[in-house]
Structures are given as C-alpha cells and as structure tokens.
Amino acid sequence: MTVKLTKEEMLRRRRIADGLEPLRTDCTIARTDGIDIDAYLATELRRRYLHLLDHAPRELLATENLSGDTDSRKVALDETEGAQIDVPERARRVFGIRMRGWQRAAEVLPAERLDEVVARQRNPYTAATAWRPVAVFTSGDSTGCTGPILAWPLTGLYPEVEELVAVCDPGEEFYILDEAGVEELIKN
C-alpha cells in the first residue's frame with residue numbers, strides 16, 4: 001500500500017528506529033557538542049530517499065501514470081518511423097511505456113542500447129510490433145532519469161501515450177512510497 005508521509009512524520013519514524021524516541025521521563029541526557037540530530041537525520045533521510053527512488057526495486061516505490069503530462073511526435077530515424085516522447089521533468093525514473101495501438105507495455109531500455117534498437121527497426125524480422133513493442137532513452141543515465149524516449153512501432157497517424165509508468169520526487173517536504181519502502185528507508 002502506498003503511503004505519503006510528511007518530513008516530520010518520516011523523521012519521527014527514523015528517530016524511533018534509531019532508539020532516540022520515545023523519550024524516557026525517568027532520566028535526562030544532555031549533549032553539549034552542538035550537533036543538531038534532527039537536521040542530520042533529515043539530510044540523511046533525503047539522501048537515502050533519492051537513492052531509493054533511483055535504484056530500489058519497483059515494488060518498494062509508488063509509481064504514477066504520467067501519460068497526461070507527456071508530449072509525443074512522429075520522428076524518422078535511419079529509415080524508420082517511430083515516436084519521440086518527452087518525459088515530464090518531475091519524473092525521477094521511468095519503468096515502462098505503452099502507446100495507443102500497442103497490445104502491451106514496453107520497458108524503457110537505457111540510452112546505451114539506442115543504436116542496437118534503431119538497427120533492429122530496419123529489419124522487418126526484428127522490428128517492433130504491437131505485440132512486441134520497444135522503447136529506449138535517447139540520452140540520460142542507466143537508471144532512466146532523463147532524456148526523451150524513442151518508441152516503436154508507430155501505430156496510427158499521431159503517436160499517443162496511453163501509459164508512462166514512472167516514480168516522481170515529491171520534493172523535500174514529502175515521502176511517497178510503498179510501506180515496505182518506508183521500512184527500507186528507516187532501517188540502520
């Protein structure tokens with residue numbers, strides 16, 4: 001189940017996991033070295049959260065369908081015709097895409113495989129079909145964080161994205177992920 005926690009709620013969970021809460025009333029501990037534990041934990045949580053968004057298994061994350069925020073157009077590349085899809089800036093990592101007319105979604109391949117995928121589209125025996133579509137980033141890193149996507153086959157006159165499954169960073173004030181991801185995030 002997907003949960004949305006505020007920065008304060010996540011910080012409290014981390015403090016409990018680290019044994020800093022609940023506070024005991026039968027003793028007191030004073031620190032005089034000037035370390036702001038909450039600021040340290042908040043920074044560490046943010047760093048770990050972004051790493052989780054970029055590298056964790058999909059089942060630990062809360063994905064969204066960003067198809068309504070995409071722009072797509074027809075492109076011709078090396079004698080092949082496909083679709084170019086601009087990924088919304090708020091997408092941190094893209095998992096898959098399905099265009100109108102496709103029978104299933106396709107995992108988006110890393111940009112390193114672009115030349116190979118384009119070459120396969122020139123051969124009628126290896127070219128993508130509605131039952132075996134293919135999509136690849138044109139630039140960006142291997143985690144699928146940035147860059148437009150090229151997709152084949154092109155069905156219809158105008159390409160239209162029906163589904164773009166991605167995980168987004170909600171900013172510094174919120175943490176949105178699966179309950180299992182919360183446990184992964186706060187563990188020591």
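Visitor: Where is Gly 68 placed?
Guide: This is a predicted model, in which local features need pLDDT of at least 70 and side-chain atom pairs count only at pLDDT 80 or more, while totals for chains, interfaces and linings use all residues. Residues are numbered from 1 along each chain as its sequence is written, and side-chain values use heavy atoms, with hydrogens and water left out. Strands (E, at least two residues) and helices (H or I, at least four) are DSSP runs numbered from the N terminus. With that settled, Gly 68 belongs to the loop between S2 and S3.

Visitor: Does Gly 68 count as buried or exposed?
Guide: Buried means under 20% relative accessible area, exposed over 50%, and partly exposed in between (1.4 Å probe, protein chains only). Gly 68 has 70% relative accessibility, so the residue counts as exposed.

Visitor: And Ser 67, buried or exposed?
Guide: Ser 67 also has its place in the loop between S2 and S3. Its relative accessibility is 18%, and therefore Ser 67 counts as buried.

Visitor: Which residues is Ser 67 in contact with, leaving aside its neighbours within four places in sequence?
Guide: Contact means heavy atoms within 4.5 Å. By that rule, and with those neighbours left aside, the partners of Ser 67 are Val 161, Glu 162, Glu 163 and Leu 164.

Visitor: How far is the backbone oxygen of Glu 162 from a polar atom of the side chain of Ser 67?
Guide: A polar contact is a pair of N or O atoms within 3.5 Å; within protein, one must be able to donate a hydrogen and the other to accept it, and residues adjacent in sequence count only if both atoms are side-chain atoms. Between the Ser 67 side-chain atom and the Glu 162 backbone oxygen, the distance is 3.4 Å.

Visitor: How many residues of strand S9 are buried?
Guide: S9 spans residues 161-168 and is mostly covered. Of its eight residues, the number buried is six.

Visitor: Which residue in S9 is the bridge partner of Arg 93?
Guide: Strand S5 (residues 91-99) and S9 run antiparallel, joined by seven bridges. S2 (residues 64-65) also runs antiparallel to S9, with two bridges, and there Asn 65 has Val 165 as its partner. For Arg 93, the partner in S9 is Val 167.

Visitor: Which peptide bond is cis, and what is its omega?
Guide: Most peptide bonds are trans. Here a cis bond joins Trp 152 and Pro 153, with Pro 153 in the loop between S8 (149-152) and S9. Omega for the Trp 152 and Pro 153 bond is about 0°.

Conventions
Two strands pair if DSSP finds at least two bridges between them.
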